[in-house]
Amino acid sequence: MFNLDEIYTVSDFLSLCNKTVEDNIPTCWLQGEISNLARPASGHWYFSLKDNKGQIRCALFRLNQRNIKFTPENGLEVLVRAAPTLYEARGDFQLIIQHVEPVGVGNLNLAFEQLKNKLSAEGLFDLARKKPLPKQVQTIGVVSSSTGAVIQDIIRVLHKRYPFADILLFDTPVQGDGAAEKIIQALLAADHDSRCDVIILARGGGSLEDLWNFNEESLARTIVSINTPVISAVGHETDTTMVDFVSDVRAPTPSAAAMMATPDRLELLSQLEKHFKALQQCASQYQQQQQAQLEQLRLRIVTPDKIINLLSQQLDYLSYRLNASATLKTNQLESRLSTLFSKLKQHSPSARIQQAITLNKVSANQLDQHMSRLLEHNSNALSELNKRLMQATQQHVSQYKNSLANHANALGHLSPLSTLSRGYSITTNEQNNVLTSVNQVSPKQLITTRLTDGTIVTKVEKIETH
């Protein structure tokens, strides 16, 4: 028999086991490999911690992830501090992870390498996307702390090197919790300020932990997204942060960043002097060329005296030609008039008028008789010509009809239809080619025979040669 007091429900038994586990097994450190990693929408991480002989379920809740900078991955060897417990809903034994760090490499170092590989794979480090620094700078935006020595170093360098540029300080904490967000806000403010030609993001040196705000992914992506060129001057030359890779230019120190952002005043003065001398030389050469051209134009200018003399000479020449031409024309007209007068005198109508008056009575009757005879003669001639034309036309038509009949008879004798009417036929193959030999056909082939009154289509059954 069994004791009823020792019978448990499943939930009571699991609760007892859970209490026993939590009361008797203390929080401890375990080392193993992450597998079966899951990250649901709740933000919690679930995975298995295993070695070559066993494995155990683990849960890392979202609130315990605040101090974890790297991202857990399957296959990563880690060291965890965990409290054992029993998940009563499933009856699974599991560990509640309180802290986790990679084995063999620091937490921050691993997080840095993971983020670096991620951003590099996205192309955020590519030189092709980096913006060039402006050649002319009027205002420099500095994102840094107003209490550090960095801003003083930048001011000192710019005062010596290029005192013409204005400096706008966007004050922000550069260390401590929440500093990354404030740095982002300062960068965005500098980018939105239309006066800034370039932005210097600067702070002094420090440990990896001190500089960690400059390794945040959100800050790196902000630098990539803004339109103003950014010079990274974080830490010493040996310090490397994520902003160094995504910035358009990296400077080893804040002072070097100030030098990169601006041209050297002495170098500008030297270039200005060279340009001034070159401009003077060009102006002198241009003046000499214009003076020589002016001299050539002056030599080509014709004075009013020369123009008057030339026109006067031309007027005398034209006057001489006009007088000579007028005299010649007058002489020609006088000679022609004399000739015409002589001819007119020879053909004077006075004598002919007198003769016509004398003969007028006789010639009137003769003229009437002559006209009557002439009309009669012309009428007879016209009738004769009309008769001859009709006869010639009928003769030509008759000749053409006979010739056409002869040609029609000859064409009929040569026509294939005439040949067919005498009992002959024409045979063609399927391609409508005329067959002249049995070698042009083969058995089972269709052939067409044309007679005088129709066609016959036949299939070749047998071929015989003679």
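Helices (H or I, at least four residues) and strands (E, at least two) are DSSP runs, numbered from the N terminus. The model is predicted: local features need pLDDT of at least 70, side-chain atom pairs count only at pLDDT 80 or more, and totals for chains, interfaces and linings use all residues. Residues are numbered from 1 along each chain as its sequence is written, and side-chain values use heavy atoms, with hydrogens and water left out.

D193 is found in the loop between α4 (179-192) and β8 (198-203). Its relative accessible area is 16%, so D193 is buried. Buried means under 20% relative accessible area, exposed over 50%, and partly exposed in between (1.4 Å probe, protein chains only). Residues up to four places away in sequence aside, D193 touches L168 and F170. Contact here means heavy atoms within 4.5 Å.

The largest nonpolar core holds 47 residues. A nonpolar core is a set of buried Ala, Val, Leu, Ile, Met, Phe, Trp, Tyr and Cys residues joined through side-chain atoms within 4.5 Å. I97, V143 and L201 touch the most other members. Beyond its neighbours within four places in sequence, L201 contacts several residues, including V143, I183, L187, F214 and V243. Its partners also include V230, I231, S232, A233 and V234. Apart from this core lies another, of 20 residues, among them V137, I140, I231 and A256. In soluble globular proteins, nonpolar side chains tend to be buried together.

Strand β9 (230-234) is mostly covered, with 5 of its 5 residues buried. V230, S232 and V234 lie on one side, I231 and A233 on the other. In a regular strand the side chains alternate between the two faces of the sheet. β8 and β9 run parallel and are joined by 5 bridges. Two strands pair if DSSP finds at least two bridges between them. R203 stands opposite V234 in β9. β9 also pairs with β10 (residues 249-250) in the parallel sense, over 2 bridges. There, S232 stands opposite R250.

Helix α7 (residues 254-261) has P254, A256, A257, A258 and A261 buried. These residues pack against β6 (139-144), α3 (150-161), β8 and β9.

On the surface, Y8, F13 and L16 form a nonpolar patch with about 310 Å² of accessible area together. Such a patch joins nonpolar side chains (Val, Leu, Ile, Met, Phe, Trp, Tyr) within 5 Å, from residues with over 30% relative accessible area and no salt bridge; like charges are joined within 9 Å. A salt bridge is a side-chain nitrogen of Lys or Arg within 4 Å of a carboxyl oxygen of Asp or Glu. Areas come from the Shrake-Rupley method with a 1.4 Å probe; for residues, only the protein chains shown count as cover. F13 sits in helix α1 (residues 10-24). F13 counts as partly exposed because its relative accessibility is 43%.
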